[in-house]
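Hi everyone, thanks for making time this morning.

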Amino acid sequence: MIVAFSVSPSGGDPDGGVSEAVAKAVRVVRDSGLPNSTNAMFTNVEGSWDEVMDVVKRAVEAAGEGAARVSLVLKADIRPGFESGQLDAKVDRLEEHLR
């Protein structure tokens, strides 16, 4: 499965930034060893249901350290038979259509 998620604590810096807290979440994902990518809006992580949900939970906890509230947006692509390599393969299939 692939999960795209965005996590943001309430508060942040005086300008409304949350990059420091989000970096803590991304560090959890990167340290997990699961295939992942991060863009301006979401972090994508690929693995089994249990692996991915454990990483998301720990990322939310890391981003929320010291915050009274945390927001989580999560979208999952659950596709039996496609266990790994889809983080890149899905984009490759799209690019093939654009050629």
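Predicted model: local features only at pLDDT ≥ 70, side-chain atom pairs only at ≥ 80, totals over all residues.

In total, the count comes to six salt bridges, and I've picked out a few of them.

Let's start with Lys24, which pairs with Glu65; their closest N and O atoms are 3.9 Å apart. This one joins distant parts of the chain: Lys24 sits in helix α1, residues 19–31, while Glu65 is in the loop between α2 and β4, 41 residues apart. How accessible are the two partners? Lys24 has 36% relative accessibility, so it counts as partly exposed. Glu65, at 54%, is exposed, because the cut-off for exposed is over 50%.

Next, have a look at helix α2. Asp54 and Arg58 both belong to it, four residues apart, which is about one turn of the helix. Their side chains meet in a salt bridge, 3.0 Å from N to O. Asp54 is partly exposed at 39% relative accessibility, and Arg58 is partly exposed too, with a relative accessible area of 35%.

My last pair is Lys90 with Asp77, where the closest N and O atoms are 2.5 Å apart. Here again distant parts of the chain are linked: Lys90 is in helix α3, residues 86–98, and Asp77 is in strand β4, 13 residues apart. Lys90 is partly exposed, with a relative accessible area of 37%. For Asp77 the value is 27%, so Asp77 is partly exposed as well.

That's my tour, and I'm happy to take questions.

How values were computed. Residues numbered from 1 in each chain as written. Heavy atoms only, no water. Salt bridge = Lys/Arg side-chain N within 4 Å of Asp/Glu carboxyl O. Helix = DSSP H or I, 4+ residues; strand = E, 2+ residues; numbered from the N terminus. Buried < 20%, exposed > 50% of the residue type's maximum accessible area, 1.4 Å probe, protein only.
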